[in-house]
Structure formats: structure tokens, C-alpha cells
Amino acid sequence: MKHLIAQVAEWVLAARRVVVFTGAGMSTESGIPDFRSPGGVWDRFDPNEFTFQNFIGSEEGRRRYWELGRSVYPVVRRAEPNPGHQALVTLWRLGRLDCVITQNIDNLHQRAGLPPERVIELHGNATCARCLACERPYDRALIQDWLEAGVAVPTCEPPCGGVIKPRTVMFGEAMPPAETEEAQRRARASDLFMVVGSSLVVYPAAYMPVHAKQSGARLVIVNRTPTPQDAEADLVIQGSSAAVLAELAELIASRHVST
């Protein structure tokens, strides 16, 4: 594996614009379970109950959603950035990273030290919420306090009383247009596109490597298991996101020091 990481390091150093696309494999190494894996959340809850339509359409749909959110949010809140997140911050500080496009909703890239404007969140952010009626912002930690105090369905404070929704993309809900367009633009402008910790099965987010490859970028995929786009990649590394990124950043940092 070391020779493969060394090859990626050479490509990073030669690249004009590096974009990294991260998925659940980054988060699992911080202790956040992958919802789709055996024993994950969707083994205990039916994902068909948690659609955007159900949330908007009924009080019961919202109650079910917040019941799930009450159990999942503390896991996100306890999680800490891992060496993979820190490695991406190192690459950015060395001027070797344009941006991170992420499917993750845990805010760990920003907490690790990446500027928020360098993180494009395709599926939203679980640390904040908003009222759908008046757009009032809410910290998700405050909502959690309400849930723990016995509020089953949080609503916006008077006089509004509107529906509060987390700033995450639910099943059946479109990805945020501005973030999606910006991610596509940066993917197409990259000359090295790295997928890290994504199985590339959730669309339309999984089109991002396709945009990059079709525009002439090299494509590197780092994931523990095969992905549907491995055959299109210039290089595939099957391994830990955190371990591979940490070694990659160390190699690139040492080259910067030696020069």
C-alpha cells in the first residue's frame, strides 16, 4: 500500500487543483456508525418512515423523526475529528487542497480546522436547524435539550410556531442547489479528484467523481470496500481513510520541508 500512497503524493504535488470527496468511511473512524452497515440505524428503524414528505406531511411523521434524532444526535455531538480530518487540514495549509466536498453531516471537517467556505456539504449539517416558516436558525444542541425535556415535536418559538427542520437532507428531498452547483463546478475544475470513504452508491452525490473524470481529472478512490466507479479510477486503495490520508499528508509535508 505504501507505494500506492507514494504515487498519490506525487500526483498531489504535481496537481494544480486537488478536490477531495468524503463519505461515511471518514465518519465511522470517529465513532459515527454508517447507517447502512449491518447493525446500523436502518437495521433498527425503517428508512421509508423518514422521508421529507412524511416529515412535512404530518405531526406523527415529525414525532418519529425527532425520536430517531434524539438517539442519533448525541453520537454526532460526542464524535471528534480523526487523523484523516486532520490530514486534510494539513494539505489545505500546505496549499495542496482546493476544497472538500462531503456527504457527511457531522461538521467534523470544520471542527478539524478547515475553513467553512472550503467544505461543501451536499447532505447538510446535523449541528443546526431552522424554522421552515420564518427561517429562524436554531442550534441543534438546543433542540436536543427540548427533546430530552419531553418535547416530542419541536416548533418555532412564539408567535411563529412553525415547523423546525434540521439542516440535513432527508430521503426524498433534493440536495441544496447552491452547494450542488458549486460542487459540480469545483469537481470539473479539478485535475486530481480523490474519493475517500465513500461507497459511491448514493446519487446524485456520487456523480461528482464522474464530473471530474469526464473533465480530465485523475481519479483516486480510497475505500475499505470496492465501489461501482473503481474501474474508472486511475488508482484504487482499499484501506482505512484515516490511515491513508495521514500517511499521504506526512509524505507531502516532508517534501515541503525538504524543499
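Start by selecting residues 177-189: this is helix H9, whose 13 residues reach 18 Å from the first C-alpha to the last, close to the 18 Å expected at 1.5 Å a residue. Keep in mind as you go that you are looking at a predicted model.

**Stop 1**

Show the side chains of Thr180, Ala183, Arg186 and Ala187, which are the buried residues to look for in H9. They sit on the same side of H9 because they cover an arc of only 135 degrees around the axis. Now turn to the face directed away from that buried side, where you will find the exposed residues Pro177, Ala178 and Glu181.

**Stop 1: a pocket**

Next, bring up the second largest pocket, with a volume of about 240 Å³. To outline this pocket, select Glu121, Gly124, Arg130, Lys165, Pro166, Arg167, Thr168, Val169, Glu173, Ala174, Pro176 and Glu179. Colour that lining by class and you get 4 nonpolar, 2 polar and 6 charged residues.

Which strands each supply at least two residues of this lining? They are S4 (124-131) and S6 (164-168). S6 gives the most to the lining, with 4 residues.

**Stop 2: Gln103**

Move on to Gln103, in the loop between S2 and helix H7 (108-112). Is Gln103 buried or exposed? Its relative accessibility is 13%, so Gln103 counts as buried, the cut-off being under 20%. Leave aside neighbours within four places in sequence, and the contacts of Gln103 are Phe21, Thr22, Gly23, His123, Ser198, Val202 and Ala205.

**Stop 3: Ser241**

Finally, centre the view on Ser241, which has its place in helix H11 (residues 241-258). With a relative accessible area of 4%, Ser241 is buried. Not counting residues up to four places away in sequence, Ser241 touches Gly25, Met26, Glu29, Val196, Gly197 and Val222.

Key. Residues numbered from 1 in each chain as written. Predicted model: local features only at pLDDT ≥ 70, side-chain atom pairs only at ≥ 80, totals over all residues. Heavy atoms only, no water. Expected span 1.5 Å × (residues − 1). Buried < 20%, exposed > 50% of the residue type's maximum accessible area, 1.4 Å probe, protein only. Arc of directions from axis to C-beta. 1 Å grid on protein atoms, 1.4 Å probe; cavity = no way out; pocket = protein on both sides within 12 Å on 5 of 7 lines; lining within 4 Å. Points joined across faces, edges and corners; volume = space filled by probe spheres on them. Nonpolar A, V, L, I, M, F, W, Y, C, P; charged D, E, K, R; others polar. Contact = heavy atoms within 4.5 Å.
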